[in-house]
Amino acid sequence: MSFLFEAGHRGCAGCCDAMVAKFVLMAAGEDCIVISPTGCLEVMTTPYPESSWGVPWIHSLFENAGSVASGVEAGLKALGKFEKTKVIAMGGDGATLDIGMRGISGAFERGHDMTYVCIDNEAYMNTGVQRSGATPFDASTTTSPAGSESFGNPRPKKDMPAIMAAHGSPYIATCSLGYPKDLIKKVKKALEVEGPTYIHAHAPCTTGWGFDTSKTVEIAKLAVQTGLWPLYEMEDGEITSVKKIGKQKKPVEDYLKMQRRFKHLFTKEGGDEELKKIQALADENIVKFGLE
Amino acid sequence: MAVIRDLNKDKMDVVEGSYAVAHSVKVCKPNVISAYPITPQTHIVEDLSQFMADGEIPNCEYIMVESEFSALSALVGSAAVGARCYSATTSQGLELMHEILFNVSGMRLPIVMTIANRAVSAPINIWNDQQDSISQRDTGWIQLYAEDLQEASDMTAQAYKIAEDKDVMLPAMVCMDGFILSHVYEPLVLLEQDLVDEYLPPYNPELTLDSKNPMTFGAFADPESYTEFRYLQQKAMNNALAKIEEAASDFQKVFGRYYGGLVDEYETEDAEIILMAMGSVIGTIKDTIDALRAKGVKVGLLKVRSFRPFPVEAIHNVIKNAKVVVAIDKNISLGLNEGALFTETKASLYNTSIDVPVIGRMIGHGGRDIPVSTIEKIVDEAANVMKSGISVESQYADLKEELL
């Protein structure tokens, strides 16, 4: 079977970016243009003269995918080619929540008809697992390492979907590569809705998080089942659908203990207290989004 | 030699420089304009906004971005789908674009951008010098410098012609001195739509982002291929040398006006002293030369229109028979104490048989006025060099010692 996102790229075994990209293009079909900022996705798919992209694709810089996508949309409109071609920006959490924030904010405020997909693996993986604004509380990264005086990253994740909702986006959805059908359905919907739409895809990174390469999907599911990564849709700022956890609900330890980045919580004195704080974050989500 | 004034006098309007440039952009039929306001570029984008509001630029999208960084970034996307693109900026705005300037050139996107030249912070200063664009000299953009409003206006159409040439495909900056040109009213001929249509063909790129023929733009290049991309950019710059000359002579055929190609000359034929400069100071220098010639001083002017590509051969042809050359700069390379035109002219003479003393004088920084007396002082110093050799190679010609 041939995919628009071709095999043979240079991603790690079990790579989350490759999976999300493949699912997004399954949803989008051939008639789209993809804009990617600097990151794993860009580097592993386009070593000149090779390319994994079966659709038109452009990389510009780390911090300007939102702006470049604005230009692609405006250019297509001016040339009378916009009608069917979908404009999709797809980048990592560093390029989305941190360095690229201004460009995305500008694009959404101006109302360009495009879909921005954040592939959130919760750190600057391409650069060597440094902390980003999407790194979760207590995760150990190379710039927020656990140590004698530290339990890792001291702050919770930036709530990017809420920020995008505040821009007046007509459609925002969180999704996970652990639930591909849900992801594809939401991307399709985002592409159909007129205006700037946002997809935040949770994407466990085998290398950065430290788990066996066969476990990417299992870990992604656990993030959802513990309540740490709620799946929901927002239309015009209101939550309109939520994926219930129900009987599948799991304690956060089940998710955390499989990952090297949280190893210190289980070995270090005081780790129990930290685990309780993380469980509280999950419980808060369960109440806030009505996941039960 | 420039051929400007006598033609089309009946067609002249008195307009602001910024308006003239905005009008030129309009008749070049851009598809996407993206810019962020910054003094003294602002009037250009305001006039373009009004043209948009009045429906005067068909098939065009104006993206009102949140920063200069996004202004140029957006045009990367637009140019890549095949749109003719325009932006304008200056000073801090241009410096904010720095990273994308390389990107546009490396991706061979022929975006045209007006620079209303202005000093850079700190100290903050909104007035004219050319430090902003000169600081971007290695980004792979063609840089053209205009002498007056008519040239800034006409150069805009020429820039598209050069940038979009299949043998070039490089972005181009049209540099005009901020305020001195951007905010001044002068009589000029606004570009006529029918003549522009004759002069400038529609932009029709060979490669675009198109889902019917998918391509990858901006792939990463490892050490095995990166050098060759740079080599090809330089080759395109070399090709641009002839295309800049062609664009100027083709322009003359259609519009009747000519300002030189890569360079222009004024009273150089028998000149012992040749002043070199770029931009609006050319006018003051010409007036000074007229006065000095009347007194029998053999002084001439080499106007440099293209700073990138740097027209080595054209410059050598003009200065080779002079007895002394002065490069006048509105910029400084800190740590070298030289302006860029001086440094590069000097460097270009290395390993040639041309043996002419060259000195550099920096003037007009942060908008300091350049009266005729300053140019006269520079010519006096040049005359001394002729007699007794170089005493000071490079210095500020208008430094106020009392402020130090």
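Where is Pro123(B) found? Pro123(B) sits in the loop between strand S5 (112–117) and helix H6 (131–134) of chain B; helices (H or I, at least four residues) and strands (E, at least two) are DSSP runs, numbered from the N terminus.

## Ground rules

This is a predicted model: local features need pLDDT of at least 70, side-chain atom pairs count only at pLDDT 80 or more, and totals for chains, interfaces and linings use all residues. Residues are numbered from 1 along each chain as its sequence is written, chains are lettered from A and ligands numbered from 1 in the order in which they are written, and side-chain values use heavy atoms, with hydrogens and water left out.

Asn59(B) has a positive phi, near 55°, despite not being glycine. Asn59(B) is exposed, at 56% relative accessible area (buried means under 20%, exposed over 50%, partly exposed in between; 1.4 Å probe, protein chains only).

## Strand S15 of chain B

Strand S15 (residues 358–362) of chain B has five of its five residues buried. Val358(B), Gly360(B) and Met362(B) cover one side, with Ile359(B) and Arg361(B) on the other. In a regular strand, side chains alternate between the two faces of the sheet.

S15(B) runs parallel to strand S14 (residues 324–329) of chain B, joined by five bridges (strands pair if DSSP finds at least two bridges between them). Here Ile328(B) has Arg361(B) as its bridge partner. S15(B) also pairs in the parallel sense with strand S16 (residues 394–396) of chain B, over three bridges, and Gly360(B) stands opposite Ser394(B).

## The A–B interface

The contact (heavy atoms within 4.5 Å) takes 39 residues from chain A and 38 residues from chain B. About 2,900 Å² is buried between the chains, with carbon and sulfur atoms giving 62%; buried area is the accessible area (1.4 Å probe) that two parts lose on being put together, summed over both.

Two salt bridges cross the interface (a side-chain nitrogen of Lys or Arg within 4 Å of a carboxyl oxygen of Asp or Glu). One of them links Arg110(A) to Glu66(B), the closest N and O atoms being 2.9 Å apart. On the chain A side, H3(A) brings the largest share, ten residues.
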